[in-house]
Amino acid sequence: PSALRRIHRMLYGKGTCDAGLLGVTYGEIMEALRDTVSEAEASGVELLGAHGATAAEQSALAGTRDAEVAEVLQPQLQALAGLLPGDGADLAALHVRAAERTPSLERALRVLLRRAAHQDGEAARRVEWEERDVSVVHRMHDRRAASRQYAARMLGAPTPMLFVGHVLERRPKPVGVVIYVDVSGSMDALLPHLRRSLHALRAEIQPKLYWFSTTVVPARIGDLESGRVPSTGGTSITAVLRHISANVQEQVPVVILTDGHLELVSAAAQRPIRTRGTPIHLGVIGTGPLHDTAGWVTSSTRLPTTTESR
């Protein structure tokens, strides 16, 4: 079929330029197969090379890998796991579905954020008191009470019954940290719980919030509520470290929330972070690597993914 001939020429034809090679994506191949190959013919097609991270890829790959080839390639591919960034595609809006609250994840995130903010070990106050005006029947706290009562008598109006009082409310002290949230394709199943937990903790955190895939994008007001976040689908922690070096003040704590499927960071990319002394605390949700021995990581914490209600 013409669609497959076109892709074949771009991949293997003579004189193909780099732009032509980069223009062929896994998605284009899948679309061409679906449009041009019948179900009976497709049953014998073996597909190799997909990440299998999304539902569409998992469905496409189900039952199509050659067992012998997979067995031969597995040791080589396993050795490369986590060493390379995911290339991703164009930046596009990703919709993160809603999820029920995950109390265990909320508690773990609260502890992580507090530890990051108070890393110096000082006994920092965890709450602050805020004064708020309220209506009361007692006049002693209202400085205008006497004049209001006098004006009422002069005008023949009823004596005021409500006055302005003040109460002190105990509120969680906002945590001043910078948070980077992994929104790559491998986070698809975990993001709903992470989004819900961050939303529940928004009163306790006062962060600069960023989404990262292969690029870093500042979160907009309402992103946590709407669930619409920008992503390329790939992953690059190196892009995050460069963004930290260029945009985060020295000694300001950073929290990175990810599934741990990150590439190795070169010494050159780590150097500015280590020179500046920026504390970076990794929160790993899922079963990915902790990266606790990496030179750019100050601390690494395994976050729960269960939906326990206690």
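Predicted model: local features only at pLDDT ≥ 70, side-chain atom pairs only at ≥ 80, totals over all residues.
**Overall composition**

The protein chain contains 12 helices and 10 strands. Of its 310 residues, 37% count as buried. Contacts between residues 24 or more positions apart make up 73% of the contacts in the protein chain that have a separation of 6 or more.

**The largest cavity**

Two cavities of 30 Å³ or more are present in the structure. The volume of the largest cavity is about 60 Å³. In general terms, rolling a probe the size of a water molecule over the atoms shows where empty space is left.

The lining of the largest cavity consists of Val96, Val181, Leu191, Leu194, Arg195, Leu198, Trp211, Asp223, Leu224, Gly227 and Val229. By residue class, this lining divides into eight nonpolar residues, one polar residue and two charged residues. Helix H9 (191-200) and helix H10 (223-226) each contribute at least two residues to the lining. H9 provides the largest share, namely four residues.

The structure holds one aromatic pair. Tyr180 and Tyr210 form this pair, which is stacked, with 5.0 Å from centre to centre and 15° between the planes. The pair links distant parts of the chain, since Tyr180 belongs to strand E4 (residues 178-182) and Tyr210 to strand E5 (residues 208-212), 30 residues apart. Tyr180 is buried, with a relative accessible area of 0%, and Tyr210 is also buried, with a relative accessible area of 12%.

Both tyrosines are touched by His243, whose contacts beyond four places in sequence are Tyr180, Tyr210, Val216 and Val248. His243 is located in helix H11. Its relative accessibility is 15%, so His243 counts as buried. The C-alpha atoms of His243 and Val216 are separated by 7.2 Å, although the two residues are 27 residues apart along the chain.

Helix H12 spans residues 267-276, and its buried residues are Ala269, Gln270, Ile273 and Arg276. Viewed down the axis of H12, these buried residues fall within an arc of 135°, so they line one face of the helix. The face of H12 turned away from the buried side carries the exposed residues Ala267, Arg274 and Thr275. The buried residues of H12 pack against helix H11 (237-247) and strand E9 (280-285).

After H12 comes Gly277, which has a positive phi near 75°. Thr278 lies in the loop between H12 and E9. Thr278 is buried, with a relative accessible area of 4%. Apart from its neighbours within four places in sequence, Thr278 is in contact with Ile244, Val252, Val254, Ile273 and Thr298.

**Loop residues with positive phi**

Most residues other than glycine have a negative phi. Gln251 and His291 are residues other than glycine with a positive phi. Gln251, with phi near 70°, lies in the loop between H11 and strand E8 (254-258). His291, with phi near 55°, lies in the loop between E9 and strand E10 (299-303). His291 is buried, with a relative accessible area of 16%.

**Accessibility of selected residues**

The table collects the relative accessible areas of individual residues discussed in this report, together with that of Arg107.

| Residue | Relative accessible area | Class |
|---|---|---|
| Tyr180 | 0% | buried |
| Thr278 | 4% | buried |
| Tyr210 | 12% | buried |
| His243 | 15% | buried |
| His291 | 16% | buried |
| Arg107 | 37% | partly exposed |

The cut-off for the buried class is under 20% relative accessible area, and over 50% counts as exposed. The value of 37% for Arg107 therefore places this residue in the partly exposed class. Arg107 is located in helix H7 (residues 103-117). The C-alpha atoms of Arg107 and Ser197 are separated by 9.0 Å, while the two residues are 90 residues apart along the chain.

Definitions and conventions: Residues numbered from 1 in each chain as written. Heavy atoms only, no water. Buried < 20%, exposed > 50% of the residue type's maximum accessible area, 1.4 Å probe, protein only. 1 Å grid on protein atoms, 1.4 Å probe; cavity = no way out; pocket = protein on both sides within 12 Å on 5 of 7 lines; lining within 4 Å. Points joined across faces, edges and corners; volume = space filled by probe spheres on them. Nonpolar A, V, L, I, M, F, W, Y, C, P; charged D, E, K, R; others polar. Arc of directions from axis to C-beta. Contact = heavy atoms within 4.5 Å. Phe/Tyr/Trp six-rings, centres within 6.5 Å; stacked < 30°, edge-to-face > 60°.
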